[in-house]
Amino acid sequence: LVDARTKAEVQRIEAQARATTRQLDAQAQVEAMRQSAQADADIQRIKTEAEVSALREREQAAQAYTLYPSLLRLIELETLRELGRNGNARLYINFEGFDSANGDAQLEDSAE
């Protein structure tokens with residue numbers, strides 16, 4: 001009788017321990033999922049803040065270019081210089097507007 005009661009008590013304690021273990025595992029999984037979701041949200045927030053900051057910087061640059069168009073021209077010239085340093089780069093510049101303007105002026109001079 002004592003042996004049967006001891007086995008029953010041991011089985012009850014083991015069942016309770018398994019139930020507690022399952023409950024703790026479930027809580028740990030929930031906490032891990034919550035932390036993962038929080039980390040994903042933090043990552044998204046940081047990315048969004050970085051994008052907003054970049055847009056603000058672009059807006060400020062656009063305002064500066066509007067106030068001082070020569071700044072934009074300087075950037076164009078710096079870019080051309082950098083491209084010119086590359087031996088494999090091919091630069092195509094359209095001078096048609098300049099040629100036709102000069103050509104028209106020459107034609108008018110010769111017609112007079």
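A residue is called buried when its relative accessible area is under 20%, exposed when that area is over 50%, and partly exposed in between (1.4 Å probe, protein chains only). By this rule, buried residues make up 0% of the 112 residues in the protein chain. The model is predicted: local features need pLDDT of at least 70, side-chain atom pairs count only at pLDDT 80 or more, and totals for chains, interfaces and linings use all residues. Residues are numbered from 1 along each chain as its sequence is written, and side-chain values use heavy atoms, with hydrogens and water left out.

The protein chain holds three helices and zero strands. Helices (H or I, at least four residues) and strands (E, at least two) are DSSP runs, numbered from the N terminus. Read from that end, the order of elements is α-α-α. Helix α1 covers residues 2-67. Helix α2 covers residues 69-85.

The accessible surface was computed next. Areas come from the Shrake-Rupley method with a 1.4 Å probe; for residues, only the protein chains shown count as cover. The protein chain exposes about 10,400 Å². Carbon and sulfur atoms supply 56% of this area.

A nonpolar patch lies on the surface. Patches are made of residues with over 30% relative accessible area and no salt bridge; like charges are joined within 9 Å, and nonpolar side chains (Val, Leu, Ile, Met, Phe, Trp, Tyr) within 5 Å. The members of this patch are L67, Y68, L71, L74, L77, L80, L83, L91 and I93. Together they have about 830 Å² of accessible area. Helix α2 gives the largest share, five residues.

L80 belongs to this patch and sits in helix α2. L80 counts as partly exposed because its relative accessible area is 36%. L91 is another member of the patch. L80 and L91 are 11 residues apart along the chain, yet their C-alpha atoms are separated by 8.3 Å.

Side chains of opposite charge can pair when their charged atoms come close. A salt bridge is a side-chain nitrogen of Lys or Arg within 4 Å of a carboxyl oxygen of Asp or Glu. The count comes to six salt bridges.

In the E31 and R34 pair, the side chains meet at 2.6 Å, N to O. Both residues lie in helix α1, three residues apart, about one turn of the helix. E31 is partly exposed, with a relative accessible area of 32%. R34 is also partly exposed, at 46%.

Helix α2 holds the R73 and E76 pair. Their side chains form a salt bridge at 2.9 Å, N to O. R73 and E76 are three residues apart in the helix, so about one helical turn separates them. R73 is partly exposed, with a relative accessible area of 44%. E76 is partly exposed too, at 38%.

E82 and R85 also lie in helix α2, three residues apart, about one turn of the helix. The closest N and O atoms of this salt bridge are 3.0 Å apart. E82 has a relative accessible area of 43% and is therefore partly exposed. R85, in contrast, is exposed, with a relative accessible area of 59%.
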